[in-house]
Amino acid sequence: MIAIQCKEIKKSFCAGESKVEALKGIDLQIFEKKLTLLVGPSGSGKTTLLSIIETILTPDEGDLFILGHHVNKMNELEKARFRNQNLGIVFQTLHLIPTLTVLENVTLPLIIKGEEKSSAEKKGISLLKQLHISKKMNFPHTELSRGEQQRAAIARALINDPPIILCDEPTSALDQENGITFMTLLHELALSKGRTVFVITHDHRIFSFADHIIHINDGLIEKKNV
Amino acid sequence: MIMNSFKMLIGNRAAFIGLIFGFFLAILLISQQSAIYLGLISRSYRISTIFSSPDIWVIDPTTQGEDLIRSMPKDYLQYVKSIPNIQWAVPVNYLLLPLKTTSGNYQIAEVYGIDDDTLIGLPQSFEGNVEGLYRKGAVIIDSNSAKNLLAKTSSDGKKIPLRIGDEIEINGIRGNIAGIAKSTPGFYPQPIIFALHSQIQLFSGSSRIQYIAAKAQKNGDIEQILKQINSNPKVLGLTKNQFESRIANHFLKTGILINYGISVLLGMIIGFSIAGQIFYMMTVQNISYYALIKSLGGNEKMIFKMILFQAVVVGIIGYILGTAATLLWGYAIKNTTLTFAFPGKLLLFTGSVAAIICTLMAFLSIKKVFKVDPYILMTSI
């Protein structure tokens, strides 16, 4: 079954008076319950494609289907609701809010969804326990190590139990050991529960975790390895 | 999300304190300047504060304010008394008369009359006794003048205050001090004298009166009474509020208060600039967090509520602190000659201004946040 399907996705940006074509017509299929890596050099269009799949960037042309929904036809409000319910996002810079505690950061998607604080906290604590950072749940994330912060960011992506997890260069700031730990955790918490995981990376150390590897270069899909 | 919004607001301590300080300063400027402004206006109709019990004032139609009074013949008092449903009516004097002390101090004094029969116009508390007022030439003098303006200066430069029993000269007529009272000063640093209406006739050499103060019967219709008073074109009957407004409006023509009004407006602009700018800067600092909330599924309505809540919290704290500081200022100058009036309406006014500033600064920030694209999260490293 296909979880994400891109058809002829094109996106360009204005850079001064010139126009840069970031994506030149992407055709892509990402399968359910699989870990797919999108790899490519800097400036190849990885982040642009991920942003479009995250529905936070609108393509100029082409169609995007996620879990059978034609995302292009949704308005901003519908996209926001769709993101909240179906997508768990782990950003490269994590984007944890420093004035909130780890638990508050983790439960943010549930609170946005409208869930009661007590129920959201219960779920958050349970998840943080699985990730072995429950002892630091009342600390601001600035008091956590990079690895712990990464786990908090995964917890936030998983808290709403979304069917799709999207990660942007999750291991780029981690050493070998932490990088492997992160991917093991992602595999354990996401794939074992039947979620679809899509990761953009250029970190060769984690290629062994992938079910599929898609190569992108200069705004076009180069090859697909299964 | 409201709790998270609150934590985002107080999380950046320096910005939060700066914001509260900015808002506090704005409210302090607005309420303190307004209180001074209102204090000044209230001094223009001080006569209605001294004579607080009447609910009807009768004047010559050309009388505008304390500096433009046309006296009326005393017969008009009988006319007012003859109007049905008038409980009582008394003559009220307000004159400016030259005053000289035995030590040679010379001032122009404001002289207020006290009704001989009812003692309406008598200061609420004073040093001395009422019987003394009936002695020929007896007056009550305000304590500030007795201690300062009219005090004798000894050879070693010390001030010797005037005392009960001391002689003074009013308009060339000998008088004596029968009492000393505390009184709110007027616009000018002039002595304030209270004397019985009969004594004032002696000092001024005229039986004419400046105002007539009257009280309606308990069930009397004031509008109906005024209609009957005003059927005589030689007099103008006014309610207490109308009388105060007429005098205040005349005073407003001087331009002094317009300048004060401008300073209040300036306070609002400065306050808005400080608070608005800090709030906007804080929002800009937090912009990536709002983008994150959008990326996690938050909609504009939610973000609108969050920012509005932050502005309201800042507004309420700033409003309470600013108002408290103004009231403290008022308390501190209570016994000085400085002006200060803080009626309940001023609370409403500053509250409304605070609400306007909050709304404006929230809207400025909301506009910025609405425009932010969650895509910035992918590009900012």
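This is a predicted model: local features need pLDDT of at least 70, side-chain atom pairs count only at pLDDT 80 or more; totals for chains, interfaces and linings use all residues.
Figure 1. Ala138(B) belongs to β6(B), residues 138-142. The pairing of β6(B) with β10(B) is parallel and spans five bridges.

**Figure 2. Further partners of β10(B).** Strand β10 of chain B covers residues 173-181. Its pairing with β5(B), residues 126-128, is antiparallel and has three bridges. There, Glu127(B) faces Ile180(B) of β10(B). Strand β9(B), residues 167-170, also pairs with β10(B) in the antiparallel sense, over four bridges. Ile168(B) of chain B sits opposite Gly175(B) in β10(B). Strands pair through backbone hydrogen bonds, in either the parallel or the antiparallel sense.

**Figure 3. The hairpin of β9(B) and β10(B).** Two residues lie between the strands of this hairpin. Asn171(B) takes a positive phi here, near 50°.

**Figure 4. A four-stranded open sheet in chain B.** The strand order is β2-β12-β1-β13, with antiparallel pairing. At the edges are β2(B), residues 86-92, and β13(B), residues 236-239. Each edge strand pairs on one side only. From one strand to the next, the twist averages 25°. Strand β1(B), residues 56-59, is joined to β13(B) by four bridges, and the two run antiparallel. Ile59(B) is opposite Leu236(B) of β13(B).

**Figure 5. Gly205(B) in the loop between α6(B) and β12(B).** The loop connects α6(B), residues 197-204, with β12(B), residues 211-216. Is Gly205(B) buried or exposed? Gly205(B) has 10 C-beta neighbours inside 10 Å and therefore counts as exposed, since the cut-off for exposed is 12 or fewer. Pro73(B) is 132 residues away from Gly205(B) along the chain, yet their C-alpha atoms are separated by 13 Å.

Figure 6. Seven of the nine residues of α10(B) are buried, so the helix is largely enclosed by the rest of the structure. Which residues of α10(B) are buried? They are Tyr289(B), Tyr290(B), Ala291(B), Leu292(B), Ile293(B), Lys294(B) and Ser295(B). After α10(B) comes Gly297(B), with a positive phi near 110°.

**Figure 7. The side of chain B that touches chain A.** Here 23 residues of chain B contact 25 residues of chain A. Three helices of chain B each supply at least two residues to this side: α1(B), residues 2-11, α10(B), residues 287-295, and α13(B), residues 376-379. The largest share, six residues, comes from α10(B). By class, this side of chain B holds 12 nonpolar, nine polar and two charged residues.

**Figure 8. A four-stranded open sheet in chain A.** The order is β2-β1-β4-β5, and the pairing is antiparallel. The edge strands are β2(A), residues 18-31, and β5(A), residues 69-70. Each of these two pairs on one side only.

**Figure 9. The pairing of β1(A) with β2(A).** Strand β1(A), residues 2-15, runs antiparallel to β2(A), and 11 bridges join them. Within this pairing, Lys10(A) stands opposite Lys24(A) of β2(A). The two strands form a hairpin with two residues between them. Gly16(A) takes a positive phi near 70° in this hairpin.

**Figure 10. Strand β4(A) and its two pairings.** Strand β4(A) covers residues 61-66. With β1(A), the pairing is antiparallel over five bridges. Cys6(A) is opposite Leu64(A) of β4(A). With β5(A), the pairing is antiparallel over two bridges. The bridge partner of Ile66(A) in β5(A) is His69(A).

**Figure 11. The crossing of α3(A) and α4(A).** Helix α3(A) covers residues 102-113, and α4(A) covers residues 117-130. Their axes come within 9 Å and cross at roughly 125°. The two helices are therefore oblique to each other. The crossing is right-handed. From α3(A), the contact uses Leu103(A), Val106(A), Thr107(A), Leu110(A) and Ile111(A). Residues on the α4(A) side include Ala120(A), Gly124(A), Ile125(A), Leu127(A) and Leu128(A). Lys117(A), Glu121(A) and Lys123(A) of α4(A) also take part. By class, the contact has eight nonpolar, two polar and three charged residues.

Conventions:
Residues are numbered from 1 along each chain as its sequence is written. Chains are lettered from A and ligands numbered from 1 in the order in which they are written. Two residues are in contact if their C-beta atoms, placed from the backbone, lie within 7 Å. Ala, Val, Leu, Ile, Met, Phe, Trp, Tyr, Cys and Pro count as nonpolar, Asp, Glu, Lys and Arg as charged, and the others, Gly among them, as polar. Axes are lines fitted to C-alpha atoms, for helices over the stretch in contact, and angles run from 0 to 180 degrees between N-to-C directions. Angles under 35 degrees count as roughly parallel, over 145 as roughly antiparallel, 65 to 115 as roughly perpendicular and the rest as oblique. A crossing is left-handed if the near helix is turned anticlockwise from the far one by less than a right angle, and right-handed if clockwise. A residue is buried if 20 or more other C-beta atoms lie within 10 Å of its own, exposed if 12 or fewer, and partly exposed in between; C-beta atoms are placed from the backbone. Two strands pair if DSSP finds at least two bridges between them.
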